[in-house]
Structures are given as C-alpha cells and as structure tokens.
Amino acid sequence: MLNLLNKFVVPEVSHVDIYQDDEDPLQFWMIPQRVRAALGPEDTPELSIYAFARDLSLMAGIDTPLPPGETEGGLMTLTVECTVQQEDQEKILAYLRSQVLSGALHLARPVASGGEIGTEWRGAVSGDPKLAYPTWIEGDVQFCLPSALGPTFVKPGDNKVKPSLTESNVASFSIALGQEGIRLFRETISSGKLPAHVAYSLQFVARVPSITVTITGHAEAVHRELKDLAPIVETENGVPVRTFPQVTSLKELQDTCGSLHVEYTKFDFAQQDDKLREQLEDFVLQTTTAYLKSMFCQPLITGQLDKEKLGTDPMQNFKPPGTSVTGSNQLWLKEFEQTGETDFGMTFHGNMARPFSTYPSAALVSMVTQPQLEKAFIEADLNTPIFHTLQVPVRVTADFEHDPIAGIQVTLDYRQTDDRTGEVKAFSQTYDFLKGSETYYFRTTLAKDAQGAPKDTFTYSSRLHYKAAQASTDIPPQPTREKSLIIGYDRLSCVDVKVVAGTVPWATVQSVQVDLRLPGVSLPSATKTVILSQQAVEDSWFSYTGGQTSPEYEYSCEFLLVNGSRMTTPPQRTSASRLLIDAPFEDRMSATFVPQGLFPPLQSIVLSTKYADEAASYHTEGTYVFTNNTTPWRWDVDLPSAKNREFQYKADITYVDGTTTPGQWQAGQEGTVQVGEVKSSLMDVTVTAAALDMTKWKLVVVKLRHEDPATHEVQEQTIKLTPANAGQDQSWKVALKDPTATTFTYELDGYGVDGTHKTVAATTSSEQLLVVEL
C-alpha cells in the first residue's frame, strides 16, 4: 500500500511526488502537483472560448433605453486532467532503474512485516519498476478567475466541478463568463498573461508506519482544566452562532491543559513535508480528545441527584420556552464536587491508514500556449440569426375618453418575395383599439434579398369609427420600416392640439385669445377660439380633417393687456400637437427711480412714466408717489421691439406748505433715474459743543440757515445743546445745486444755570466744522 514515509522526486520531473509501497519493492505511486490540459484531436488542448454580444435591437424598443446589466459575455469550455505525461513517466522509470532499484541511491523504504511497519535501507532489486496513481477517494476542481470581484467575471456555480477520480482524474468545465471576464480574456490573451488557473483538491488513502500514542495525567488536575477548556457549540434555529473555547491543534491542547501529557512517535518525513506532519498531528489530537471525552464527559450513573442542580445546559438559551433543563454531563457540575486522586494513562499502538490531501494546480497560460489561446478564442455574432423575424409593437395615442372616437382599427400587412428561393412570404393582421391603452405585436418571418439581407418593409392602414354615428374615415396603406409603430392623430385624419401658455407676463397681459382653424375644411369643429389666462393656462382643440392628409392648421393671437390696450399677431401655420403661446415681447426694460430732496420741506413727489411702440400699437404707463427719500421704485416694461428702449417721465413736487412745482415730460433711459429736487452735491456741517463749559449752560440753541444765491431757496435747521447731549456732535446736511455755494449763517442763544441769557448775532461761515463758543 502507498506509504507516506520517504517520499522523493525525480530531479528532471520535480512536479511529481513519488511514494514507495510498503509491501512491493517494485511498486511506486505518482501524485502530480501540476494540472494539464486534456488533448483532443491533433494533440490540441480541449479549450474553446466564445465571446458574444447581445443583439441590442432585441433588448429594447426604439422608445426605451437599454436595460441595465451586461451587454456582452462569454462561454469557456475546458477539459483538464491530473496526470503525468508519458514523456515524464519515461524519465521517472529511467531514474528508478538507474538510481533506486540498483541501490545507487541511498534511500530508506517503509516495509510492512508481521503487522508492523518499519524502515530499511534499499539495496539492489531485480525486476522492472511499476508506476501507478493512488486511489482517489474525494475531490473537486475549481477554475479560478477574479470571481471575488463579482459575477461580471465568472458566473456563480459554473466554475467548480467534480473530477472523474479515475486514473486520469479528468474534469470538464463549461464556464459562463461575465462582461468583465470576457473582456479580461480578450485584452490579455495577446500578451500571454492571464490571471486564471485551475486548482484540484484531492484525497487519497495512504498508510504511515506504526505509531504509538501515550496519554497520561492526574485526574483531578486534568478535570479542573477541562471544565474551562470543553468546546461548546451554541446554535440558534439550527445555525451555529458561537463555538468556545475550541482547540484546533495538538500543541494548543497541550499548552492549555498543562496537566495532560501526550507523546507519540515522531517520523522524519522526507523533504520536510509539513502538511503530512500536520495531518499526522491531527490524528493524534483526535485520538486524545476521544479518550478524554470517554473519561470526563460520560453521563452520570442514574441516581437520586436532581438533574437541575447538576448545572445549566449551555444550549438551554436556544431551546423553546418551557423545555426542561437537562444535565448529566460531569463537566457541568456546580452544586456538587467531583475529585479524582488517581493518575491515568493510555497507550495506543498500531498502523494508520487514512485519507490525505493534495492540491495540484496550474495557471491556464502554463497549460496552453499563447497561439493555442488565440486559436481557441472565437467571437460569435448573435446579430446574424439563421432566419430573421419582424416584431413590431403597435400602439395608438388617441384620447378615447375626451375625444369623439369610438374605436380605431389598424391593419398591418407584410408581403415580400424571397429573392433567393422565390417564395412569397405574406402575413396580415388587424387590431382593434377601444381604450387607447392596448399594445399589440405584429410578428412574421421575413423574406431576404439576393445578398441575404432581410426585407423588413411592411404597410399599415387605419379606420376611425366616430361617436354620434358619424361616418368612419379610412386612411390608405402607408409603407414603413418602423420597429415600433405608434399611430397618433397626425396619422388618423384628425388633429388634437393642446394650446398651452408659455412665456406670458401676466402682470402685463390680462388674457390671450387664440383663434384656430383648419383651412379648406367646412366642418363645425374646424374652428375654435381658446382663451388663456393666468387662471387657465391650457386648453385643447379636436377636429376631423375631412379626409385631407395634411394635419397643418392656422392660428392667430390677440393679447388683452392689463392697461386695456390690445396686441395682435398675424396668422401662422403649424402642425404641432402642442401649441405653445408666448407673448409678442422681445425683451424687458427696467428703470429704477431714486427720490431726491429733504422730507420735509418736501411732502411728496408724484412720478409719471409712459412708453409707446407705435409700430406694434403698444403702450403702457406707470405712476408712483414718493413720501421719503429712502425708498426707490423700479418700473419694468415688456418691449415688443428690443431696439426701442426710450421712455418718458415727469415728477410733480408738493411741499408741506401746500405749494407745488409741476414737472415737465423728459426722455429717460433704463438704469437709475433721479427725480425730485435733484442736487449736484451735499454739504455736511458738523456742530460740536466741545469748547463749551456745560456746567454753566443748561441750554444752547444753534440756528443754521443756507440760501441758494441763484434760486434763493432757503434750508434751515435748529440744534439744541444740553448737558445731556453736549458730548455728541450734531450734523446738518444741505443739498447744493451749486457746489461752490457753501456759505451759511448761524445764530446762538445761551441760557445759563444762573439765569443769565447770552446771544450771538447772525454770523457768516463756510467751515464744515462749527465750534460753538459763548
């Protein structure tokens, strides 16, 4: 039988592990560590890679976007085997004859004798070596691409298969590649670099030499440590949710349970095979834990002990409510004590035959050459089927609820001759539309021309049945190649127009009258007047065209302005089903009026504005009253012509004494316009009492006066200074029409705390800082 001890490799075939047989000295076992591509006819790899793109015309109609998702993909078929090619087998056999069986290689061999397996050094052996594969008992094979990045690389479930587990251990894949997977193949094949490989996971039965396992310890100490170490698996609804404290290796068990001693036979595996050593230690761990369970985890002898006092079952929290508490595991003891002062010991000795694992793998580019990869790559054109079919969704857009239409019949007819066979392909179908929400599908097989291209021209005709027993209307057949046939009013010998207000300044326009008519049609419905306003911005018009094919109609507009005037537009023609009405204004003009002057003596400024465009028969006016000099007024005017931007304005001034100054009409331009007492500059005089001793004066009155030398306009102000406000400077502002006329006069009246009265007669000054002195 295959024995794990003393494995070796042939120098020229380093990818194959060679194991000896512990009974037949001529028998050798091969375990490949590299995967090969299976060869088909002409010794070519059994590999095909098909790249395909979906027919986009079948994925969405002409009026819908493409659905989300992948639009291309791939299919890869690959057959691999875990074998050693004949050329390498010949090299192995030659090495066995010259080095192993001749005794030239100083090699140890496992030997089974009398139920024991020992080790002896090989000498010369006569006979010819025999090569074979081990008995494979389990395994799987996986094709690995960056599938962790998502199903757009490799589709789930297609990349893992079971091998044959026969001598060749063959495995065949049929792998669906996503959009990114097939693009990765396409872009990297030419470089000879591809991040794809095939990985086997196999198990075979092997034997190791006789092994001895000895387990010893003190019962009390080991029991105490095991109570903290015992692995417990908690589940919820049958699903494990927590495992603790769990040991996973023999070393971890010995480190955690210091009172437990485990010794076993150590083997010197050839070539430092750590995986074989780990599997052997796993066997020792299983043997040890099985023995400990038999000693410390068996049920108690049935007696008078209350099971509920033996301890809480760790699984109790995950059982249905009301389930009785179960006990009897010695490791759960709480209210009882258990001691054992004896030492225990157990020795296991024997041969072990059990499954061992190996993991052969290989990159795809190492199994297949770059020219072979390129030859295996095939692009499939899914847009060229064997036969072509026509599928046309048919819809109508008539409003059966509001328009006087009782029903619509639509007939589609296909009749073409196949130029290659002479066969006439014909199909006709009539559909009845009674609600307007129906969708029908016209499907037929297409004829082809001499070059094999499909003939996809068909005809459609319609018949309208009107309400109120009106005669039906027939629309003659029309040829088309549309892949989605939508029949609207423009194809049904009638018009249905939605009249909608667009850019209409309702602050200027009160309403819009729209006159519509079908030229050359004498039906009552051929004319209609629609009134649009801010409260009703939409209306509709439906009419039959009287059999004429043109859906063109005529419309004109009359705009009633808020100021009572009217504007009209000349008649225009259109066939739009949605008529958008915009006001006949090309632009908008704005002027901001800023009041000038002092309130008082000003009481009000009455502003009047007017604009006129005689060519458009358009005029508008505005009026505003200013009662202070801080609030401006903005006047907006809609302009029929963007070039005509001049307007007229005048300002009438009223004073608090009742006098008035009438204004004159003058031309204005958009922007900022000053109205009222427009001054060219402003004089600001600061009055300070810093030089006065206000402990002596209880009141000082300052009278200020300015007279314009040209107009004799007088501006006056009186300032009262007291001990309370003497620390604050006072300001006097004077509007000057002449910036050089800065001379003013002031008078002072002082009233002392002791009853004295002192005056200063009118004094002329032009200083901007007036220092009051008495």
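The legends below describe close-up views of a predicted model.

**View 1. An aromatic pair between strands E35 and E39.** Phe593 belongs to strand E35 (residues 587–596) and Phe647 to strand E39 (residues 647–655), so the contact ties together parts that are 54 residues apart in sequence. Both Phe593 and Phe647 are buried. The count for the structure comes to 19 aromatic pairs.

View 2. Tyr624 is partly exposed because its relative accessibility is 27%. Phe626, at a relative accessible area of 2%, is buried. Ring pairs join Tyr624 and Phe626 with Phe593, Trp633, Trp635, Phe647 and Tyr649 in a cluster.

**View 3. A lysine over a tryptophan ring.** The charged end of Lys610 sits over the ring of Trp665, at 4.2 Å from the ring centre.

**View 4. The salt bridge between Arg36 and Glu81.** The closest N and O atoms of Arg36 and Glu81 are 3.0 Å apart. This pair links strand E4 (residues 36–37), which holds Arg36, to strand E6 (residues 72–81), which holds Glu81, across 45 residues of the chain. Arg36 and Glu81 are both buried. A search of the whole structure gives 29 salt bridges.

**View 5. The salt bridge between Arg573 and Glu554.** The N to O distance between these side chains is 3.8 Å. Arg573 lies in strand E33 (residues 572–574) and Glu554 in strand E31 (residues 553–561), 19 residues apart. With a relative accessible area of 16%, Glu554 is buried.

**View 6. The salt bridge between Arg705 and Glu716.** Here the closest N and O atoms are 3.3 Å apart. The bridge connects Arg705 in strand E44 (residues 697–707) with Glu716 in strand E45 (residues 714–721), 11 residues apart. Arg705 is partly exposed at 33% relative accessible area, whereas Glu716 is exposed at 56%.

**View 7. The largest cavity.** The count comes to 1 cavity of 30 Å³ or more, and the volume of the largest cavity is about 30 Å³. His706, Asp708, Glu713, Gln715, Ala735 and Leu736 line the largest cavity. By class, this lining has 2 nonpolar, 2 polar and 2 charged residues.

Note on methods:
Residues numbered from 1 in each chain as written. Predicted model: local features only at pLDDT ≥ 70, side-chain atom pairs only at ≥ 80, totals over all residues. Heavy atoms only, no water. 1 Å grid on protein atoms, 1.4 Å probe; cavity = no way out; pocket = protein on both sides within 12 Å on 5 of 7 lines; lining within 4 Å. Points joined across faces, edges and corners; volume = space filled by probe spheres on them. Nonpolar A, V, L, I, M, F, W, Y, C, P; charged D, E, K, R; others polar. Phe/Tyr/Trp six-rings, centres within 6.5 Å; stacked < 30°, edge-to-face > 60°. Helix = DSSP H or I, 4+ residues; strand = E, 2+ residues; numbered from the N terminus. Buried < 20%, exposed > 50% of the residue type's maximum accessible area, 1.4 Å probe, protein only. Lys NZ or Arg CZ within 6 Å of the ring centre and 35° of its normal. Salt bridge = Lys/Arg side-chain N within 4 Å of Asp/Glu carboxyl O.
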